[in-house]
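Good morning, colleagues. Please look at the sequence and the structure on the screen, and I shall then go through the side-chain pairs and the overall fold.

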Amino acid sequence: MKNLSKIFKTLSDESRLRIYYLILASDELCVCDIEKTLRFSQTKVSRHLSYLRKAGLVKYRKQGLWMLYSIAESQSAEQRQLLQSIAAGLKANPVAQRDTQLLAKNIQRGCCTTYSVLKPHLMPALVGAQ
């Protein structure tokens with residue numbers, strides 16, 4: 001129960017929901033791409049990513065100068081079910097849709113560090129979803 005409560009507390013913030021969904025929709029993103037897409041400061045993005053990381057919702061890896069964030073594995077079946085429901089709700093949300101469309105445009109323009117510089121051969125599915 002504590003684990004689910006922690007997820008609810010973490011995702012009760014709109015900024016964290018938006019960041020979580022962007023990462024979910026793109027498989028992996030660096031901080032700079034989240035900043036550019038959501039028009040948040042680096043400090044704000046880093047703070048919210050820290051909350052998401054502490055709740056076990058995202059993980060990161062370092063590649064050169066960049067920290068790349070991806071969705072962490074669910075720790076239980078109930079956590080997986082809850083996060084699938086949240087993802088379905090976000091997929092239908094106009095703000096989340098707008099965020100992913102902007103990210104897709106940034107990727108197509110070559111303005112996305114994650115997919116322009118670090119892994120251009122691995123375009124996420126959201127690029128063709130416009």
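By a salt bridge I mean a side-chain nitrogen of Lys or Arg within 4 Å of a carboxyl oxygen of Asp or Glu. Please keep in mind that this is a predicted model, in which local features need pLDDT of at least 70 and side-chain atom pairs count only at pLDDT 80 or more, while totals for chains, interfaces and linings use all residues. Residues are numbered from 1 along each chain as its sequence is written, and side-chain values use heavy atoms, with hydrogens and water left out.

The structure holds two salt bridges. In one of them, Arg18 meets Asp99 with an N to O distance of 2.8 Å. Arg18 belongs to helix H2 (residues 14-26) and Asp99 to helix H6 (residues 94-109), so this pair ties together parts that are 81 residues apart in sequence. Helices (H or I, at least four residues) and strands (E, at least two) are DSSP runs, numbered from the N terminus. Asp99 is buried, at a relative accessible area of 5%; buried means under 20%, exposed over 50%, and partly exposed in between, with a 1.4 Å probe and protein chains only.

The other salt bridge joins Glu28 and Arg61, whose closest N and O atoms are 2.7 Å apart. Glu28 sits in the loop between H2 and strand S1 (29-30), and Arg61 in strand S2 (residues 58-63), so that distant parts of the chain, 33 residues apart, are linked. Glu28 is buried at 9% relative accessibility, whereas Arg61 is partly exposed at 36%.

I turn now to the rings. How many aromatic pairs does a search of the whole structure find? The search finds one. Tyr60 and Tyr69 form this pair, which is tilted, with 5.8 Å centre to centre and 40° between the planes. Here, rings of Phe, Tyr and Trp (its six-membered ring) pair if their centres lie within 6.5 Å; planes under 30 degrees apart count as stacked, over 60 as edge-to-face and the rest as tilted. Tyr69 is buried at 7%, while Tyr60 is partly exposed at 44%.

Finally, the overall fold. The chain has seven helices and three strands, in the order α-α-β-α-α-β-β-α-α-α from the N terminus. Of its 130 residues, 44% are buried.
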